Amino acid sequence: MSTFDHAGLIQDINECLAPFRKAQPDAMAGFGQLARASMAEGALSTKHKELMALAIGVTQRCSGCIGFHVKALRKLDCTRAELEEMLAVCVYMGGGPALMYAAEAIKAWDAMTPA
């Protein structure tokens with residue numbers, strides 16, 4: 001299981017992408033707009049969309065995605081039960097590798113628990 005700090009990973013990713021954002025402002029603005037439009041409330045709630053995004057991050061084995069989407073889910077008052085149920089589907093669809101990243105998502109969840 002990962003031993004890194006997901007909050008620190010998010011910060012590192014943001015810092016590393018800062019020069020890229022300046023070098024490619026139109027592309028990054030487009031990505032930001034795509035993210036906002038995709039995650040906006042609609043027929044599906046933002047929370048459900050974030051659960052789907054985290055599921056994709058888990059099954060695609062993306063630690064950065066896990067960090068960003070767990071952080072978003074915490075802000076959306078997602079429950080641990082909702083998280084765990086989604087992770088069970090990830091394991092069903094992704095097998096053992098998804099189980100390893102499900103453990104990482106749980107670790108990130110616990111680390112980002114409000115004090």
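**Notebook: salt bridges, core and loops**

I began with Glu84, which forms a salt bridge with Arg80, the closest N and O atoms being 2.7 Å apart. For a salt bridge I required a side-chain nitrogen of Lys or Arg within 4 Å of a carboxyl oxygen of Asp or Glu. Glu84 and Arg80 are 4 residues apart in helix 5, so about one helical turn separates them. I took helices (H or I, at least four residues) and strands (E, at least two) as DSSP runs, numbered from the N terminus.

The model is predicted, so I kept local features at pLDDT of at least 70 and side-chain atom pairs at pLDDT 80 or more, while totals for chains, interfaces and linings use all residues. I number residues from 1 along each chain as its sequence is written, and side-chain values use heavy atoms, with hydrogens and water left out.

**Salt bridges**

How many salt bridges does the structure hold? I find 3. Arg80 also pairs with Asp110, with the closest N and O atoms 2.4 Å apart. Through shared partners, Arg80, Glu84 and Asp110 form one network. I then looked up Lys47, which forms a salt bridge with Glu82 at 2.9 Å between the closest N and O atoms. Lys47 lies in helix 3 and Glu82 in helix 5, so this pair ties together parts that are 35 residues apart in sequence.

I call a residue buried under 20% relative accessible area, exposed over 50%, and partly exposed in between (1.4 Å probe, protein chains only). Lys47 counts as buried at 19% relative accessibility, and Glu82 as partly exposed at 26%.

**Core**

Next I looked up the largest nonpolar core, which has 19 residues. A nonpolar core is a set of buried Ala, Val, Leu, Ile, Met, Phe, Trp, Tyr and Cys residues joined through side-chain atoms within 4.5 Å. Leu54, Val58, Ile66, Val70, Met86 and Leu87 touch the most other members. Helix 3 (46-59), helix 4 (63-75) and helix 5 each give two or more residues to this core. Helix 5 supplies the largest share, 9 residues. In soluble globular proteins, nonpolar side chains tend to be buried together.

Which residues does Val58 contact, leaving aside neighbours within four places in sequence? I list Ile66, Leu87, Cys90, Ala98, Tyr101, Ala102 and Ala105. Contact means heavy atoms within 4.5 Å.

**His6**

His6 is in helix 1 (residues 6-23). Is His6 buried or exposed? At 3% relative accessibility, His6 counts as buried. Its side chain makes a polar contact of 3.0 Å with the side chain of Glu104. A polar contact is a pair of N or O atoms within 3.5 Å; within protein, one must be able to donate a hydrogen and the other to accept it, and residues adjacent in sequence count only if both atoms are side-chain atoms.

**Loops**

Arg61, in the loop between helix 3 and helix 4, has a positive phi near 65°. Asp77, in the loop between helix 4 and helix 5, has a positive phi of about 60°. I noted both for this reason: most residues other than glycine have a negative phi. Arg61 is partly exposed at 46% relative accessibility, whereas Asp77 is exposed at 61%.

Leu76 lies in the loop between helix 4 and helix 5. Not counting residues up to four places away in sequence, Leu76 touches Thr46, Lys47 and Glu50.
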